[in-house]
Amino acid sequence: MNRPYNFSAGPAAIPAEVLQQAASEMLDWHGSGMGVMEMSHRGKEFVSIYEQAEADLRELLAVPAQFKILFMQGGGLAENAIVPLNLSRAATVDMVVTGSWSQKSAKEARKYASEVRLVGSGEASHFTALPEPGTWELSRGASYLHLCSNETIHGIEFHDLPDLKALGSDAPLVIDFSSHVASRPVDWSRVGLAFGGAQKNLGPAGLTLVVVREDLLGHALPACPSAFDYKIVADNQSMFNTPPTWGIYIAGLTFQWLKRQREGDLTGVAAMERRNLAKAKLLYDAIDQSQLYVNKVAVNARSRMNIPFFLRDESRNDAFLAGAKERGLLQLKGHKSVGGMRASLYNAMPLSGVEALVAYMREFEQKQA
């Protein structure tokens, strides 16, 4: 069966192979007589699922040994509170605001840090460009610097993470990589902590990934709930409380799917990056060569994962979306805060889906001429 192409920004498409395997194991996982959702999280069956998922993710993202991998709950939005509860030490936190999600991060951090300093902002450009790291006014002795490395709503991405040491700061870099995790390699030498909800590139909603350097553990504020204290979670292998077992299982299957991906001589995340670059180029080229569509983001800040675009004649929006749905091109409506259209090209989106979208966009434009 040919499924429609789902361009949702999240919860997003999951690889068909993963869904098929999960369906086949729904009632009986590997002869255990139980489905994964029915298992004790402390039983040998689920522990083996968890350990394999953690090992596969560490391999895929090349996570160094001095980092802990935590599988938590609450999503990226909750991490906006959990991070300052663990890392702020009730002191100063630096923030770079590049769109809606980092705006939310700054607002939440103000509840826990003594001061949140906005050291760089893209607001003057209406979040269509990134503030250059060399212009950031970094604080002396900040507990950490937070940025959203890919803004899902505005379609902004840091193609390279900033080197804070080169900018004269000893603060650890915290990144929200919810919407591009596993789409490209991570330079862990520049990162202290990375977090993200799973529902865009890793699996279902309900699972949150945190990768945190060991030296940042053990500094939680007294008010931090025990289940959100990174050290307690790490010491208990993400099982201080009942973890999101189904989410971990599906993410684990997704990690195995990622390991099987090949692009020429590349495998895993490196293969996905090459594939994602090709998908994004195809769509951006179609937009840039068009007289009907426009993308407003500066070329050097364009996201590979989330591509917003607008019809120059917005009275045609409903007709565009209706025609797309008829062709099995789903969830293309832009976020309500910005309007227009948005195509999310996560790892599970094949090149054929982008080709189908581009073909439809050209057909629709020709009909408007």
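Five bridges join β9 to strand β10, residues 208-213, and the two run antiparallel. In that pairing, L193 stands opposite V212 of β10. Before I go on: this is a predicted model.

On its other pairing, β9 is joined to strand β8, residues 173-176, by three bridges, and here the strands run parallel. I175 is the residue that stands opposite A194 of β9.

So, is β9 buried or exposed? The strand covers residues 193-197, and five of the five are buried, so β9 is largely enclosed by the rest of the structure. Buried here means under 20% relative accessible area. In a regular strand, side chains alternate between the two faces of the sheet. Taking β9 face by face, L193, F195 and G197 lie on one side, A194 and G196 on the other, and all of them are buried. Both faces of β9 are therefore covered.

Now the helices. How do α7 and α9 pack? Helix α7 is residues 268-288 and helix α9 is residues 351-368; their axes are 9 Å apart, at an angle of about 5 degrees. Angles under 35 degrees count as roughly parallel, and α7 and α9 are therefore roughly parallel to each other.

Which residues make the contact? From α7, they are K279, L282, L283, A286 and I287. From α9, they are L351, V354, E355, L357, V358, M361 and R362. Sorted by class, the contact of α7 with α9 has nine nonpolar residues, three charged ones and no polar ones.

Key
Residues are numbered from 1 along each chain as its sequence is written. This is a predicted model: local features need pLDDT of at least 70, side-chain atom pairs count only at pLDDT 80 or more; totals for chains, interfaces and linings use all residues. Side-chain values use heavy atoms; hydrogens and water are left out. Axes are lines fitted to C-alpha atoms, for helices over the stretch in contact, and angles run from 0 to 180 degrees between N-to-C directions. Helices (H or I, at least four residues) and strands (E, at least two) are DSSP runs, numbered from the N terminus. Angles under 35 degrees count as roughly parallel, over 145 as roughly antiparallel, 65 to 115 as roughly perpendicular and the rest as oblique. Contact means heavy atoms within 4.5 Å. Ala, Val, Leu, Ile, Met, Phe, Trp, Tyr, Cys and Pro count as nonpolar, Asp, Glu, Lys and Arg as charged, and the others, Gly among them, as polar. Buried means under 20% relative accessible area, exposed over 50%, partly exposed in between (1.4 Å probe, protein chains only). Two strands pair if DSSP finds at least two bridges between them.
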